[in-house]
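We will go from stop to stop, and at each one you will select something and look around.

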Amino acid sequence: MNILSIDGGGIRGFFSAYLLQRIQEELGVNFSNYFDLIAGTSTGSIIAAALAIGYPIEKVAELYVNKGAEIFKPQRFSMSGIWKAKYKSQNLRDQLMHILGERTLSETKTRLLIPSVDLINGQVHVFKSNYLSEFVRDNKVFIYDAVIASCSAPTYFKPHKVDGFLLADGGVWANDPALVSYVEATGKLNVPARQVRIFSVGAGVGEHYYSNKDFDKNWGAISGWGGRQIIDLILNLQSKTASNMVGLLPKGEYVRLNFSKDYRLSLDDVKILGDLKAIAERVFSENFIEIKKYFEV
């Protein structure tokens, strides 16, 4: 069973989308045909959902370049997410409608899995296309609703309501959805571990968020912890943890493509798009043999 897993990371999803675009250009991969399950969290859910319905990956990459500034246009009086969500969900919804239309989770070309968080009940909430007869809850859910819910990172976007559930960013617990996908494959789908092949695409990991020189600050929500800074750290830590755990599991094959920097990586700075493209080109080049091997099996 081939699984494609795509991390969350805000604007850094351009790295993931462009990397997948380069794979398609060089190897001619039809993602919705090749992968038996596609999973994506937060910005990764945008890419995952698009690929699951057969939407061209190059157009997904263009979304970040052409519409990123529009999606990440701060609301007035948001005080950078302190008073209200920094960005309007409507801007994201408008762009998703162009890609996904009013397709529901029962209308995908391959299995789709999108993690989110149920804020009212304090539980995980995983959207799934109807690949098992027991999956009836999400059949009529619009794919764009599932994606918006998974993208609703605290302070960045307000929680999203879907069928009475109040939902937020799945990155809080599954920013790298590879582990969730593995459990789904070996559990719900009864696939033997050695037949599970995971192709995991990250969105970058920052290695440095705080310093000893900050120790004497008053560590309140804004001073010390830095507001959105702690959210970014939590998402990055989840990606690292999931990647480390999946790397230790019995499975057929596991390819992980990502990059790291020794500073905080922004979720919403469109000025880094050029850098992300250059990094994606480097990661693709340096890992091409491994990538080709995965898709030629």
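**Before you start**

This is a predicted model, in which local features need pLDDT of at least 70 and side-chain atom pairs count only at pLDDT 80 or more, while totals for chains, interfaces and linings use all residues. Residues are numbered from 1 along each chain as its sequence is written, and side-chain values use heavy atoms, with hydrogens and water left out.

**Stop 1: the whole protein**

Show everything as a cartoon. The secondary structure comes to 11 helices and 10 strands. Here helices (H or I, at least four residues) and strands (E, at least two) are DSSP runs, numbered from the N terminus.

How much of the protein is buried? Of its 297 residues, 56% are buried. Buried means under 20% relative accessible area, exposed means over 50%, and partly exposed is in between, with a 1.4 Å probe and protein chains only.

Now think about contacts, meaning heavy atoms within 4.5 Å. Among the contacts with a separation of 6 or more, 76% are between residues 24 or more positions apart.

**Stop 2**

Select residues 37-40, which form strand E2. Leu37 and Ala39 point one way, Ile38 and Gly40 point the other way, and all are buried.

Two strands pair if DSSP finds at least two bridges between them. To find one of these links, pick Ile6, whose bridge partner in E2 is Gly40.

**Stop 3**

Select Ser42, in the loop between E2 and H3. Ser42 has a positive phi of about 55°, although it is not a glycine. Its relative accessibility is 7%, so Ser42 counts as buried.

**Stop 2: helices H1 and H3**

Two packed helices are described by the angle between their axes and the distance between the axes. Select residues 13-27 (H1) and 43-52 (H3): their axes come within 8 Å and cross at roughly 30°. Axes are lines fitted to C-alpha atoms, for helices over the stretch in contact, and angles run from 0 to 180 degrees between N-to-C directions.

H1 and H3 are therefore roughly parallel to each other. The cut-offs are under 35 degrees for roughly parallel, over 145 for roughly antiparallel and 65 to 115 for roughly perpendicular, with the rest oblique. H1 passes H3 in a right-handed crossing. A crossing is right-handed if the near helix is turned clockwise from the far one by less than a right angle, and left-handed if anticlockwise.

Which residues of H1 and H3 meet? Show side chains for Gly13, Ser16, Ala17 and Leu20 in H1, which meet Thr43, Ile47 and Leu51 in H3. This contact divides into 4 nonpolar, 3 polar and no charged residues. Ala, Val, Leu, Ile, Met, Phe, Trp, Tyr, Cys and Pro count as nonpolar, Asp, Glu, Lys and Arg as charged, and the others, Gly among them, as polar.

**Stop 3: helices H4 and H5**

Now select residues 57-71 (H4) and 89-100 (H5), which pack at an angle of about 155° with their axes 9 Å apart. H4 and H5 are therefore roughly antiparallel to each other, and their crossing is right-handed.

Leu63, Lys67, Glu70 and Ile71 in H4 meet Asn91, Leu92, Gln95 and Ile99 in H5. By class, there are 4 nonpolar, 2 polar and 2 charged residues in this contact.

**Stop 4**

**Stop 7**

Pick Asp163, in the loop between strands E5 (160-162) and E6 (165-169). Is Asp163 buried or exposed? Asp163 is exposed, with a relative accessible area of 59%.

Finish at Val191, in the loop between helix H8 (178-188) and strand E7 (197-201). Val191 is buried, with a relative accessible area of 14%. Draw a distance from Val191 to Met1: they are 190 residues apart in sequence and 7.3 Å apart in space, C-alpha to C-alpha.
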